[in-house]
Amino acid sequence: MNSDEKEDCECAPPQAETSSAGGADREHEEPEIENPEASRMKRAAAKHLIERYYHQLTEGCGNESCSNSWCASSVGFSRMDNNEAAVKALELYKVNAKLCDPHPSKKGTASTYQESSAHSNSACSNKKMNHKDIHSVRDNFKDVNYLTEEKVYEILDTCGEKEDYSPLIRVIGRVFSSAEGLVQSFRRSKPHTKEELKSLQGKDEDKDEDEKEAAASSTTAMEEDSPTSSSSSRLGECSSGENDVQKLAPDEVSVDIEAVRRVYERLLSNDKIEAAFLNALVYLSPNVECDLTYHNVYSRDPNYLNLFVIVMENSNLHSPEYLEIALPQFCKAMSKLPLAAQAKLARLWSHYSAEQIRRMVETFQQLITYKVISNEFNSRNLVNDDDAVVAATKCLKIVYYANVLGGDLDMEHNEEEDEEPIPESSDLTLQELLGEERRNKKGPRVDPLETELGIRTSDCRRPLIPFEEFVNEPLNEVLEMDKDYTFFKVETENKFSFMTCPFILNAVTKNLGLYYDNRIRMYSERRITVLYSLVQGQQLNPYLRLKVRRDHIIDDALVRLEMIAMENPADLKKQLYVEFEGEQGVDEGGVSKEFFQLVVEEIFNPDIGMFTYDEHTKLFWFNPSSFENEGQYTLIGIVLGLAIYNNCILDVHFPMVVYRKLMGKKGTFRDLADANPVLYQSLKELLEYEGSVEEDMMITFQISHTDLFGNALMYDLRENGDKIPVTNENRKLQEFWETLHSFGEEQKRLFLQFTTGTDRALPTSHTCFNVLLLPEYNSKEKLRERLLKAITYAKGFGML
């Protein structure tokens, strides 16, 4: 490349200079070949970052509450002269130290960076070229400030003919390093259909003239702006963008994603062109982060989200070249997206395929893992303080919820929330006297993004990719859980807790967090007990003491726990202290574990008859023929809860429906799949059978099961069920409940009044037997008409 070619570089952004720790230099360096332009761009990028460190050390970021120890605005910063600052800036650049964002009050710093870049570009643009052919090619694309798929292919074909791809490299550098240029690029002319969003396959579609005219007008508007004006002001005044957004669904964006994918597929195979994307991302990310942090740019133009969609389609983001500088800076910018923008991204990505979701997960996981293994994190150098790891985790959360939304959802079977009012008392409790208020009265903390999306993880039966792929084991190994738990509970604004992103934690780490939580509760109960004893003058026990006999362990334990649950349930929150009668030994955890193992071993013994065990599924289930009452099962639940609370791991396996119930979900037919797969498959085949069920299967509404003694028992699912054949028409058994669910709230209340004697959802009193006599009507319409008549005129002696 001659001198004129070197000087004609007006459209190329600075290139990232990667360190010897594994960046682009080490992988692509060859002794006999060195691209002069690429080398110059790397030096320019390094110079740009060193200058930012220098201004940070000498002038500061302008934020009076800055916590960066290498920023002149931070409290306690030791001032240094210019020479010291220059040396220190170079050192900070080498170690990739934290770099502050220029505060709005510090406009001089931001303008310095812009003016430096503008001066460099203007100096290059004033030079002339000697080669007329190359000059002709380059002049043709100097006015390209945004891209369409057709424009990329046009430039690519022209460069191919001349065997000179530098014009395309500069256009990519100019557009992909500019927020406003990237936002306007690859716009689609019409909204996607739902089918298109789900497939998002590469289909070559022609662009109509309307899109070209809109793009041309956008280009004219951008050219009229001053080169030094902020991207946020230009984007905020784009009325066409607002009109586009108003026409979009909550899961749509105005960018043509298929076109972006096709462009990437054609361009990323060229190493030189790929480097242009990398360099542009380094230059783009800090400006985007500043826009989102200080200029509220997304609320002005929601199309700003397009640039994140476009960048994330780059399938090489997880490659080593991006991990050093480009991807960390981009993640930091992306993590500053407002909640509404994050939710829109999650909804959009939920339509992606499992492979596309997995690629994005791997991108963020690669960065987290790279940062973890390349640093020495410990109790003094917390991984929570690493900006790149924290930002990548926040970005991973968006993909996590996209994975949930795109999976197999079951949102119609959530239990109704408990609206029972908290009992009021005129007496002040000791906690209130001491100024202690119970936090999180409505349950565990809910993630804001989960609330914004209106989805719960428990609503997803099967995600697009397994939840296990979101767990990062290297991160779990270096995470100081005691510190992280403190950040989570204290909610320190300047500290990030990985417990707010529990999907990235493994079972061991989560159990450790649960252990800390339980221990703090136990300590709190002991403290309250001591205070009560001082105030009331009574000697109260700060522990939950259980004294049992080995040969009567179940009776002793359940009787004692029943008394505690009835008299003072708060004692269950105390630390358990078990004592075996006639045995000496202090319970420091080992005795309690032995106690729970013995109790569980006896409770779940099939000979006891409370639970059954399926040899095929290796799961326990409640014995429908058990002689025990509901209260006994409640006590068993207390025992299991105490075991978890006291950090005792039990070898008990239930079907997933049990855990779904604990999360507030109702059991459905689909839950039978893992609880009793044989029965589930049989009923499924019955429902899907296309032949004559009555003639081919010859079954009735009667089932059989065995009792505790192995005797076969027959049970009618309907009155005289043994005489009613199952047919294609009646095999669902759904007409009554469909009719009932179609009632309004007042009609449902009347139905409860009709059947139980009370219209409360959870009745406390009943009529004699609470029996509903339901004749077999010949049509659904007649069933509805008679049922409405019965509950409407239920006064008097119409009930039995």
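In the predicted model, Leu558, Leu561, Glu562 and Ala565 of helix H28 are in contact (heavy atoms within 4.5 Å) with Gln632, Leu635, Ile638, Val639 and Leu642 of helix H30. Helices (H or I, at least four residues) and strands (E, at least two) are DSSP runs numbered from the N terminus. The contact residues of H28 and H30 comprise seven nonpolar, one polar and one charged, where Ala, Val, Leu, Ile, Met, Phe, Trp, Tyr, Cys and Pro count as nonpolar, Asp, Glu, Lys and Arg as charged, and the others, Gly among them, as polar. H28 spans residues 553–567 and H30 residues 630–645; the two pack at an angle of about 90°, with their axes 10 Å apart. Axes are lines fitted to C-alpha atoms, for helices over the stretch in contact, and angles run from 0 to 180 degrees between N-to-C directions. H28 and H30 are therefore roughly perpendicular to each other (65 to 115 degrees; under 35 counts as roughly parallel, over 145 as roughly antiparallel and the rest as oblique).

Residues are numbered from 1 along each chain as its sequence is written. Local features need pLDDT of at least 70 and side-chain atom pairs count only at pLDDT 80 or more, whereas totals for chains, interfaces and linings use all residues; side-chain values use heavy atoms, with hydrogens and water left out.

Ile155, Leu156 and Cys159 of H7 make the contact with Pro167, Leu168 and Val171 of H8. These residues divide into six nonpolar, no polar and no charged.

Helix H27 (residues 507–536) has 30 residues and reaches 43 Å from its first C-alpha to its last, close to the 44 Å expected at 1.5 Å a residue (1.5 Å times one less than the number of residues). Among the buried residues of H27 are Thr509, Asp517, Met522, Glu525 and Ile528; buried means under 20% relative accessible area, exposed over 50% and partly exposed in between (1.4 Å probe, protein chains only).

The count of salt bridges (a side-chain nitrogen of Lys or Arg within 4 Å of a carboxyl oxygen of Asp or Glu) comes to 30. Glu313 and Arg359 form one of them, with the closest N and O atoms 3.9 Å apart. Glu313 lies in the loop between H17 (306–312) and H18 (320–323) and Arg359 in H21 (residues 354–373), so the pair ties together parts 46 residues apart in sequence. Glu313 is buried at 6% relative accessibility, and Arg359 is buried at 15%.

Arg550 and Glu594 meet in a salt bridge at 2.9 Å, N to O. Arg550 lies in the loop between strand E3 (544–548) and H28, and Glu594 in H29 (residues 590–603), so this pair ties together parts 44 residues apart in sequence. Arg550 is partly exposed at 38% relative accessibility, as is Glu594 at 30%. Glu688 and Lys684 also form a salt bridge (2.9 Å, N to O); both lie in H33 (residues 677–688), four residues apart, about one turn of the helix. Asp410, Arg461, Arg660 and Asp671 are linked in a network of salt bridges.
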